[in-house]
Amino acid sequence: MDRNDVPAAIAALPRFPLLDGPSPFQRLPRFSAALGGAAEVWIKREDLLPLAFGGNKLRNLEFLVGEALSVGADTIVTSGRRWSNHCRLTAAAGAKAGLAVHLVLTGPPVEPQGPNERLDVLLGATVHIAATDSRDDREAMLRQVIADLRGAGRKPFVVAVGGSGPIGAAGQVLAGIEMARQAKAAGVSPSMVVLPSATGGTQAGVLAGVRLGGSTAGVIGVAVAAPADELRPTVAGLLDGLAPLTGLAVDHVEIELTDAQLGGGYGVSTPAAVAATELLARTEGILVDPIYTAKALAEVIARVRDGRVTGTLVFWHAGGTPALFEGLPAASR
């Protein structure tokens, strides 16, 4: 990205490089044809970012690791569900930066370990697993891990779930600018960007970024963890927190969220998500996971097939491929 595209306040933030260039922005001709051809679907391939099976959270971690290093931290501590893409990529980013990483994961422990948990360990992270699936239990364990590290003379830097505060979301602002510039270079003007929204940082950052990049595309957050009504204030707060970094105040009326693909909640697949995973794989050879990113893809399919959207739209592939191996229902033949 041209340095002139980066808001000055974001350019001034400490940053540890984790990316090797823009993620691809590609047309999906066979997928679009399978939906009837009324819409031309493009994809932003955040899953192809360079570390540990990729994923959009690397953008947040450039700034979060940069901040950790700037304050003299020697350890990063964060938390999430056992299939957390953020935790996996935090482990990878810590390895690249030479920082120890402690991950506190929601329990209970399972055997065999899930794919993301195995990757966390392979990447050198110390993994702590709560006894239950209670958020209170996980947060109590997180506090204990931080206290133990400090007691041992370590200097932990704590990253919130999903890395989605304003500093982390600054990375998503740059992703939004990047996509807007790629669309312009490709000669397309998307009317809509559809992305999964869990902790709100991707949605807030991309919305601010596409506006800074000159795009008028709507940014549709597909709720994959909390219901839309619970998530909306978080996205609004992040937009407000980003304003000093971007120099842009985004009106909260631009926050678009839907519960249509939430199903049983975070980490629970749906028939629509499984079908979306299969359709993209069988038309374009691209994999998405059926518990997270595929829920956003299912919303793309629903909106095109029922005629709510025509023209050009963008599916934001946030990553999460290891979750394909979480023991989910087998694909249909």
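Predicted model: local features only at pLDDT ≥ 70, side-chain atom pairs only at ≥ 80, totals over all residues.
Residues are numbered from 1 along each chain as its sequence is written, and side-chain values use heavy atoms, with hydrogens and water left out.

We begin with helix α9, which comprises residues 228–246. Helices (H or I, at least four residues) and strands (E, at least two) are DSSP runs, numbered from the N terminus. The 19 residues of α9 reach 25 Å from the first C-alpha to the last, close to the 27 Å expected at 1.5 Å a residue; the expected span is 1.5 Å times one less than the number of residues. Just after α9, Gly247 takes a positive phi of about 70°.

Among the buried residues of α9 are Ala228, Leu231, Val235 and Leu239. Buried means under 20% relative accessible area, exposed over 50%, and partly exposed in between (1.4 Å probe, protein chains only). The buried residues of α9 pack against several elements, including α7 (166–186), α8 (201–212) and β8 (218–223).

Leu239 has a relative accessible area of 3% and is therefore buried. Leaving aside residues up to four places away in sequence, Leu239 touches Ala204, Leu207, Ala208, Val250 and Ile255, where contact means heavy atoms within 4.5 Å. Leu239 and Gln203 are 36 residues apart in sequence, and their C-alpha atoms are 9.2 Å apart in space.

Strand β3 (75–80) is largely enclosed by the rest of the structure, because six of its six residues are buried. Thr75, Val77 and Ser79 point one way from β3, whereas Ile76, Thr78 and Gly80 point the other way. β3 pairs with strand β4 (residues 100–105) in the parallel sense over six bridges; two strands pair if DSSP finds at least two bridges between them. In this pairing, Val77 stands opposite His102 of β4.

Finally, the largest pocket holds about 620 Å³ of space. On a 1 Å grid over the protein atoms alone, a pocket is an open set of points with protein on both sides within 12 Å along at least five of seven lines, and lining residues have an atom within 4 Å of a point. The volume is the space filled by probe spheres set on the points. Of the 28 lining residues, Arg135, Val161, Ala198, Thr199 and Ala225 lie nearest the centre of the pocket. Both β3 and α9 are among the elements that give two or more residues to this lining.

Notes
1 Å grid on protein atoms, 1.4 Å probe; cavity = no way out; pocket = protein on both sides within 12 Å on 5 of 7 lines; lining within 4 Å.
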